[in-house]
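Colleague: Could you walk me through the side-chain contacts in this one? I'd like to learn how to read them.

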Amino acid sequence: MTELSHLIGQLPAELRPAVAGRWEEHLETRGGTGLPAMPPELLASLPKVWACSEFVAQSCIRHPGLLEELV
C-alpha cells in the first residue's frame, strides 16, 4: 500500500472511492510515475484537498505537471 493509499484510507468512507478513483486517473495521465517529491504535510493534505475540491483534482488529472507546479 502506498503512503497516499494509506492517507486516502483515513478519509471518511463515503469519500474514499471518489478520491481513490481520481488518484488512479492522475497516475494514468502521469504514466504511472507517482507523486512528485513533497513535504510530508503537503502529502497528508492531498487526499483532503481532492476530496473537497473536484476542480483541483480534475485540474491535476487534465494537466499532469500541475501538481509539481503547485508543490
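Colleague: How many salt bridges does the structure hold?

Modeller: A salt bridge is a side-chain nitrogen of Lys or Arg within 4 Å of a carboxyl oxygen of Asp or Glu, and here there are two. Bear in mind that this is a predicted model, where local features need pLDDT of at least 70, side-chain atom pairs count only at pLDDT 80 or more, and totals for chains, interfaces and linings use all residues. Numbering runs from 1 along each chain as its sequence is written, and side-chain values use heavy atoms, without hydrogens and water.

Colleague: Which residue does R22 pair with?

Modeller: R22 meets E54, at 3.8 Å from N to O. R22 sits in helix α2 (residues 16-29) and E54 in helix α4, so the bridge ties together parts 32 residues apart in sequence. Helices here are DSSP runs (H or I, at least four residues), numbered from the N terminus.

Colleague: Is R22 buried or exposed?

Modeller: Buried means under 20% relative accessible area, exposed over 50%, partly exposed in between (1.4 Å probe, protein chains only). R22, at 12%, is buried, while E54, at 49%, is partly exposed.

Colleague: And what does E68 form a salt bridge with?

Modeller: Its partner is R30, with the closest N and O atoms 2.7 Å apart. E68 belongs to helix α5 (residues 66-70) and R30 to the loop between α2 and α3 (40-52), 38 residues apart. R30 is buried at 14%; E68 is partly exposed at 34%.

Colleague: Where is S59?

Modeller: S59 is in helix α4 (residues 54-62) and is buried, at 10%. The S59 side chain reaches the backbone oxygen of F55 at 2.8 Å.

Definitions and conventions. Helices (H or I, at least four residues) and strands (E, at least two) are DSSP runs, numbered from the N terminus. A polar contact is a pair of N or O atoms within 3.5 Å; within protein, one must be able to donate a hydrogen and the other to accept it, and residues adjacent in sequence count only if both atoms are side-chain atoms.
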